Structure formats: structure tokens, C-alpha cells
Amino acid sequence: MSSQRPVRSVIDGARFRQVLGHFPTGVTVVTAATDGGPAGLAVGSFFSVSLEPPLVAFCAGKSSSTYPKIADAGHFCVNVLGEDQEDVCRVFATKGDDKFATIGWRPAPGTGAPIINDVVAWIDCEVEVAHEAGDHWIVIGRVVDLEVGHEGGPLVFFRGGFGRYTA
């Protein structure tokens, strides 16, 4: 048995994206209440971390112009989009000053971060810590409140396109 570490190969970014695209992800919008108004970005990398204490995490690209606003706010709300909210995702996946101009929302009871109307669920959090990871940040939040919005299906991203989950 060899104790040598394997040689690291260079992975082409397009191939990496294509292969990992075969793993379906839920689609969320992470929001915050900032001094300049509400801020938000579309996020596909969201996951639970711990039950005790209740922690969740999401990943944000270092090139994001919105994530620094969320980091400065010190809180965020994860909005789990429903299967009919692809248009909402597209608004938050683009750069723009007022992404909330055409989106209905209300403030979360704990942090005031926007809860988008008609989401499947929302999770309101305070930022616990953020870790650098390559070209992204892994942001861990302590859950302060959460709720199921409705029992409809979630919006899913798979192989470069949006879809629906059917059990």
C-alpha cells in the first residue's frame, strides 16, 4: 500500500460545471435588510449544517456585488422558491440596483430581512461566520426563525435548466 498522495489533475471549469450539473439543487434567494434598502441574490448552494444549535449555510461568489451588502448587514433570510417562481430567480440572478421593485415581500420578524411572497419556506438567520473557499464564501447562519410558506413543490435546477420536483 502506497502512502503517496495522488497527483492533482487540472479540472476544466466547463467540465466541472457539466458533471456537477447532474446533481439537482433547490433554488433559493438569500436576502438582507441593509442601510441602502433590501438586497438579495439567487443561491443554489444552500444546506443545513446543525440541529443543535440550528445552523444553515449558503455559498456566495466572491465576485458578487450583493454578497458584501448581506455580510455588512450581519443577517440573512433564505427564501426557498416554489416551482412557479423561476421569474423571481431570474431577477435575483442578475445584477441590478432595485431587484425588489417588482417583487412582493415582507420583513422577517427576527431580522427584518425580506421574505419573498409565495415562497415554499423561509429561514431567517444571523451570520455566525463566513469561511473563504476558493472563489466563494461559505456563510454559516444561526437560525432565529423559520416557517413553511405552503406545501407546493420547490423550484429545482438540474443540467443547466429549471424544473419541478415530483415525488
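What is the relative accessible area of K62? The value for K62 is 35%, so K62 counts as partly exposed (buried is under 20% relative accessible area, exposed is over 50%, and partly exposed lies in between, with a 1.4 Å probe and protein chains only). This is a predicted model, so local features need pLDDT of at least 70 and side-chain atom pairs count only at pLDDT 80 or more, while totals for chains, interfaces and linings use all residues. Residues are numbered from 1 along each chain as its sequence is written, and side-chain values use heavy atoms, with hydrogens and water left out.

**View 1. The whole protein, before zooming in.**
The protein has three helices and 12 strands (DSSP runs numbered from the N terminus: helices are H or I with at least four residues, strands are E with at least two). Its C-alpha trace spans about 60 × 35 × 35 Å along the principal axes. Of the 167 residues, 34% are buried. Among contacts with a separation of 6 or more, 62% come from residues 24 or more positions apart (contact means heavy atoms within 4.5 Å).

**View 2. K62 meets E132.**
The side chains of E132 and K62 form a salt bridge, 2.5 Å from N to O (a side-chain nitrogen of Lys or Arg within 4 Å of a carboxyl oxygen of Asp or Glu). E132 lies in strand β9 and K62 in the loop between β5 and α2 (67–73), so this pair ties together parts that are 70 residues apart in sequence. Strand β9 runs over residues 121–133. E132 counts as exposed, at 57% relative accessibility. Leaving out residues up to four places away in sequence, E132 touches K62 and W137. For a sense of distance, E132 and L41 are 91 residues apart in sequence and 18 Å apart in space, C-alpha to C-alpha.

**View 3. Aromatic rings.**
There are six aromatic pairs in the model (rings of Phe, Tyr and Trp, using the six-membered ring of Trp, with centres within 6.5 Å; planes under 30 degrees apart are stacked, over 60 edge-to-face, the rest tilted). Take F58 and F76: their ring centres are 4.9 Å apart with planes at 75 degrees, so they pair edge-to-face. F58 belongs to strand β5 (residues 55–61) and F76 to strand β6 (residues 75–80), so the pair ties together parts 18 residues apart in sequence. F58 and F76 are both buried. F92 and F100 have ring centres 5.1 Å apart and planes at 75 degrees, so this pair is edge-to-face too. Both F92 and F100 are buried as well.

**View 4. N79, tucked away in β6.**
N79 sits in strand β6. Its relative accessible area is 0%, so N79 is buried. A polar atom of the N79 side chain lies 3.4 Å from the backbone oxygen of C77. Not counting residues up to four places away in sequence, N79 touches V27, T28, V29, T31, P114, I115, I116, V119, A121 and W122.

**View 5. Two further salt bridges.**
The structure holds four salt bridges. Side chains of opposite charge can pair when their charged atoms come close. R164 and E83 meet through their side chains in one of them, at 3.9 Å from N to O. R164 lies in strand β12 (residues 161–164) and E83 in the loop between β6 and α3 (86–92), so this pair ties together parts that are 81 residues apart in sequence. R164 is exposed at 57% relative accessible area, whereas E83 is partly exposed at 27%. The side chains of R90 and E86 also meet in a salt bridge, at 2.7 Å from N to O. R90 and E86 are four residues apart in helix α3, so about one helical turn separates them. R90 is partly exposed, with a relative accessible area of 47%, and E86 is partly exposed at 29%.

Conventions. Polar contact = N/O pair within 3.5 Å; in protein donor to acceptor, adjacent residues only side chain to side chain.
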